[in-house]
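Student: I am new to this structure. Please take one part of it and look closely, then show me what lies around it.

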Amino acid sequence: MGNKIIIVGGVAGGATAAARLRRLDESSHIIMFEKGEYISFANCGLPYYIGEVIKDRKKLLVQTVDGMSSRFNMDIRNLSEVTKINRDAKTVTVHNLKTGETYDESYDLLILSPGARPIVPPIPGIKEANNLFTLRNIPDTDALKAYVDDKKPKKAVVIGGGFIGVEMAENLHERGIEVTLVEMSNQVMAPFDFEMASILHTHMAQKGVNLILEDGVQAFQNNGTKVILNSGKEIETEMILLAIGVRPENELAKDAGLDLGERGHIKVNEYLETSDPDIYALGDAIEVTDYINGTTTAIPLAWPANRQGRIVANNIYGKKEKYSGTMGTSVAKVFDYTAASTGNNEKTLKRLCINNYQVIHIHPGSHAGYYPGAAPIALKVIFDKETGKIYGAQGIGKDGVEKRIDVIATAIKGGLSVLDLPDLELAYAPPYSSAKDPVNMAGYVASNIIEDAVETVQWHEIDDIVANGGYLVDVRNPSELKLGFIKGAVNIPLDELRDHLDELPKDKPIYVTCQVGLRGYLAARILTLNGFKAINLDGGWKTYSTVYGTGKDSNCNIVTDDSGVARFDCVGNPIK
């Protein structure tokens with residue numbers, strides 16, 4: 001007879017572990033306890049069912065109790081809450097929510113997959129708000145969709161600008177609801193740095209979302225029909241979605257005396273064992289190692305949970321497989337844009353005092369510009385300026401974004417540096433890419449910085465540089481200046497630059513800007529080879545701060561072809 005293995009919690013991690021356990025061994029007695037009704041569902045698809053993009057509710061249910069029980073020969077008990085772990089006796093106390101019965105069940109090995117729950121702070125008036133929802137499971141989804149279907153609200157407030165908040169803002173908007181999104185920080189989508197998130201801010205505003213940043217909720221009034229913000233602003237609403245984050249379901253582990261991390265997540269070793277060798281843990285409730293920098297963190301995503309479930313099952317049967325850490329590779333749909341990222345952003349590196357990094361921004365087309373439908377991609381890569389180690393990447397655009405981030409995520413896992421990116425032989429045909437893929441282009445730009453000592457300056461630095469007397473040359477054609485410009489710049493088109501060298505100062509650096517950076521790089525090389533100290537504005541005129549003063553949107557995604565001819569306007573439409 002094999003082991004008696006109890007799994008607490010289903011969904012991604014627990015269900016994956018259970019299925020893998022059975023595939024490895026037919027003799028073990030496997031019991032899965034799930035306090036909810038549903039043991040395995042597509043929680044990442046929940047916003048799209050509410051938005052009626054996914055119309056069939058059954059498609060959200062990955063596995064049913066009956067289906068999984070019969071296929072994998074296991075004892076699945078839903079609506080059964082494990083309330084206590086008795087480590088000395090090696091039993092768990094279970095409360096049957098259907099009958100009210102409480103009983104103990106013994107185990108040889110225990111797997112904890114309790115997940116996380118939405119954060120619901122004690123905001124004044126929150127208990128009286130009868131129109132307030134969170135979104136984490138199927139019952140939450142049913143309640144939300146029923147309210148939207150039956151009450152037909154015209155106004156909604158979404159509190160929190162993370163993945164769930166942004167996706168729900170879009171899906172409620174698609175249902176014809178006027179949406180206000182309130183976010184405490186200065187940006188939505190925390191995995192992105194501010195200048196990248198600002199692209200999403202502009203796009204969401206263009207789509208009609210009322211985006212309120214750097215403001216939080218002070219109170220709810222009138223049973224949730226009025227939201228009072230810290231700034232004093234009052235918002236009338238018919239429904240509220242609270243999406244300010246999640247906290248780990250750690251009560252079982254805490255009460256059992258298992259080691260917890262600083263933020264309450266269950267501590268595990270590289271084999272996903274807790275401080276009790278007979279208890280494993282996985283998913284949103286555990287503390288993991290950041291793959292990039294080696295620090296401890298918590299990243300509640302589906303891929304890690306699934307991967308951890310398989311590794312736990314393998315380790316129970318003696319394979320001794322290590323979980324190498326989490327990079328946080330993720331993607332989200334934000335109306336017409338795709339936003340994807342992997343690894344560390346600048347905020348994380350600065351918080352950890354990792355300062356030896358370099359940043360590049362490029363804005364290539366999703367495929368060959370001469371083939372219809374090409375759209376710009378804003379691609380940011382962060383790397384070690386000496387070794388070329390890739391710290392992370394972020395991409396936003398209408399098409400082809402996630403596959404570029406996936407390639408870079410694979411490169412990171414494979415130990416490649418930015419110097420290796422030009423050598424990646426990636427699939428090319430005009431409808432899908434360019435002969436130099438955007439990932440190759442990022443590698444070339446990074447290689448120029450490392451190998452050719454090309455100096456760059458970032459978007460957030462150029463305003464002060466110009467204000468303090470820095471000499472800035474805009475090498476775009478005069479007709480392009482109508483798209484916006486940096487105040488104080490001298491306009492000398494690239495093709496005329498050699499004719500004006502005697503007009504330029506040699507006693508101080510010359511900063512160069514263009515539309516997206518390519519012509520700026522070419523101009524910088526011309527100037528450098530003629531004895532000037534040239535510094536290129538990374539990302540070109542498509543900066544994210546200076547353009548605010550021109551009355552132009554700060555996120556004008558201009559793309560040029562290899563000749564430097566602009567092909568797209570601020571919203572991705574071809575320039576004729």
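Tutor: Start with a term. A residue is buried when its relative accessible area is under 20%, exposed when that area is over 50%, and partly exposed in between. Keep in mind that this is a predicted model. Cys353 has 61% relative accessibility, so Cys353 counts as exposed. Cys514 has 1% relative accessibility, so Cys514 counts as buried. As for disulfides, a search of the whole structure finds zero.

Now the close look: helix α13. This helix covers residues 518–529, which makes 12 residues. From its first C-alpha to its last, α13 reaches 17 Å, close to the 16 Å expected at 1.5 Å a residue. Which residues of α13 are buried? They are Arg519, Gly520, Ala523, Ala524, Ile526 and Leu527. Look down the axis of α13: the buried residues fall within an arc of 160°, so they line one face of the helix. What covers these buried residues includes two strands, β31 (510–513) and β32 (534–537). Just after α13 comes Gly531, with a positive phi of about 90°.

Stay with Arg519 for a moment. The side chain of Arg519 meets that of Glu480 in a salt bridge, at 2.9 Å from N to O. This pair links distant parts of the chain. Arg519 sits in helix α13, while Glu480 sits in the loop between β29 (471–474) and β30 (490–491). The two are 39 residues apart. Both Arg519 and Glu480 are buried.

How many salt bridges does a search of the whole structure find? The search finds 30. Another one joins Arg175 and Glu52, whose closest N and O atoms are 3.7 Å apart. Here too the pair links distant parts of the chain. Arg175 is in the loop between α5 (163–174) and β13 (178–183). Glu52 is in the loop between α2 (46–50) and β4 (61–63). They are 123 residues apart. Is Arg175 buried or partly exposed? Its relative accessible area is 23%, so Arg175 is partly exposed. Glu52, at 32% relative accessibility, also counts as partly exposed.

Next, take Glu234 and Lys226. Their side chains meet in a salt bridge, at 3.4 Å from N to O. Glu234 is partly exposed because its relative accessible area is 48%. Lys226 counts as buried because its relative accessibility is 16%. Salt bridges can also form a network: one links Asp193, Glu195, Glu346, Lys347 and Lys380.

Last, the nonpolar cores. In soluble globular proteins, nonpolar side chains tend to be buried together. The largest nonpolar core here has 47 residues. Those with the most contacts inside it are Met68, Ile85, Val92, Leu110, Ile111 and Leu112. Helix α1 (residues 11–24) gives the most to this core, with five residues. Which residues does Met68 contact, leaving aside its neighbours within four places in sequence? Among them are Ala15, Ala18, Ala19, Met32 and Ile39. The list also includes Gln63, Asn73, Met74 and Ile76.

Definitions and conventions
Residues numbered from 1 in each chain as written. Predicted model: local features only at pLDDT ≥ 70, side-chain atom pairs only at ≥ 80, totals over all residues. Heavy atoms only, no water. Helix = DSSP H or I, 4+ residues; strand = E, 2+ residues; numbered from the N terminus. Expected span 1.5 Å × (residues − 1). Buried < 20%, exposed > 50% of the residue type's maximum accessible area, 1.4 Å probe, protein only. Arc of directions from axis to C-beta. Contact = heavy atoms within 4.5 Å. Disulfide = S-S within 2.5 Å. Core = buried A, V, L, I, M, F, W, Y, C linked by side-chain atoms within 4.5 Å. Salt bridge = Lys/Arg side-chain N within 4 Å of Asp/Glu carboxyl O.
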